[in-house]
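Visitor: Hi, I've got a structure open and would like to talk it through. Can you start me off with whatever terms I'll need?

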Amino acid sequence: MSKKTDIKTCRFVGCPHGKKIDISKDEYVMPTKGQYYHPDCWSKKRSGTWKDSQTRADLQYIKNEWALRIDKNVNYSQLMRVLNDFVGRGVSSEYLVFVLDYVIKHKKKLNYPYGFKYYVDDKEIKTTYDRSKYVKIDQSKFAVEKKEFEPPQKTDPSPLIANKPKGFGSILRHKHKE
Ligand SMILES: [Zn+2]
């Protein structure tokens with residue numbers, strides 16, 4: 001029987017095995033001390049093939065922007081290691097793009113890929129990101145509400161009339177007035 005301490009958590013975000021590894025009987029790999037992976041999870045994480053197309057496009061965008069605006073001699077393998085590490089930990093690539101855009105827009109100092117970690121963990125940038133997401137959601141909600149209230153109310157000039165139950169009688173009476 002496996003003890004409770006034999007159950008480890010697979011560190012791979014997209015783990016298809018419920019993230020549980022029983023090290024007393026399951027196969028696993030431990031690339032870094034204390035970090036457990038199912039063998040297939042580890043190979044997927046390493047090869048990067050598990051990333052969806054949006055994530056890949058976002059990371060490509062970051063690579064391009066980095067070379068264009070931060071350092072044209074950027075060490076790509078170092079940069080990809082940093083980005084893959086974030087994505088592997090469940091940080092959304094959309095947020096990483098936001099951080100890079102923020103750094104460029106505010107002309108923050110960023111000389112080498114490892115320095116990017118500092119900004120990804122930056123509280124102020126996180127708050128700005130959350131707020132920008134909130135505004136997006138809020139606006140779309142507003143758009144829906146506006147649509148619901150769209151029917152023209154010209155025939156009901158007073159809110160009192162509008163609130164009355166609309167039986168045939170009230171509609172007819174209304175028509176008569178016009
Ligand atoms: Zn796994």
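Predicted model: local features only at pLDDT ≥ 70, side-chain atom pairs only at ≥ 80, totals over all residues.

Visitor: Good. How many helices and strands does the chain have?

Guide: The chain has eight helices and four strands. From the N terminus on, the order is β-β-β-β-α-α-α-α-α-α-α-α.

Visitor: Back to pairing, then. What is the bridge partner of T32 in β4?

Guide: That's Q35. Strand β3 (residues 29–32) and strand β4 (residues 35–37) pair in the antiparallel sense, over two bridges. Their hairpin has two residues between the strands, and G34 there takes a positive phi near 85 degrees.

Visitor: Which residue has a positive phi although it is not a glycine?

Guide: K19 is one, with phi at about 65 degrees. K19 is found in the loop between β1 (7–9) and β2 (20–22).

Visitor: Why does K19 count as partly exposed?

Guide: Because K19 has 16 C-beta neighbours inside 10 Å. The cut-offs are these: a residue is buried if 20 or more other C-beta atoms lie within 10 Å of its own, exposed if 12 or fewer, and partly exposed in between, with C-beta atoms placed from the backbone.

Visitor: How much of the chain counts as buried?

Guide: Of its 178 residues, 14%.

Visitor: On to the helices. Which residues of α3 are buried?

Guide: L79, V82, L83 and V87. Seen down the axis of α3, the buried residues fall within an arc of 135 degrees, so they line one face of the helix. That arc is the one made by the directions from the helix axis to the C-beta atoms. On the other side of α3, S77 and R81 are exposed.

Visitor: What covers the buried residues of α3?

Guide: The cover includes α2 (53–70), α4 (93–105) and α5 (116–120). That rests on contacts: two residues are in contact if their C-beta atoms, placed from the backbone, lie within 7 Å.

Visitor: What about the span of α3?

Guide: The expected span of a helix is 1.5 Å times one less than its number of residues. Helix α3 (residues 76–88) has 13 residues, so it should span 18 Å, and its end C-alpha atoms are 18 Å apart, which agrees. After α3 comes G90, with a positive phi near 95 degrees.

Visitor: And α4, which of its residues are buried?

Guide: S93, L96, V99, L100 and V103. Looking down the axis of α4, they fall within an arc of 110 degrees, so they line one face of the helix. The face turned away from that buried side carries the exposed residues E94 and K105.

Visitor: What follows α4?

Guide: K107, which has a positive phi near 50 degrees. K107 sits in the loop between α4 and α5, and it counts as exposed because it has 8 other C-beta atoms within 10 Å.

Visitor: Let's do cores. How many residues does the largest nonpolar core have?

Guide: It has 13, and those with the most contacts inside it are I62, L83, L96 and L100. α2, α3 and α4 each supply at least two residues of this core. By nonpolar core I mean a set of buried Ala, Val, Leu, Ile, Met, Phe, Trp, Tyr and Cys residues joined through C-beta atoms within 7 Å. A second, separate core of six residues includes F12, I21, Y37 and C41.

Visitor: What does L100 touch?

Guide: I62 and E65, not counting residues up to four places away in sequence.

Definitions and conventions:
Residues numbered from 1 in each chain as written. Pairing = 2+ DSSP bridges.
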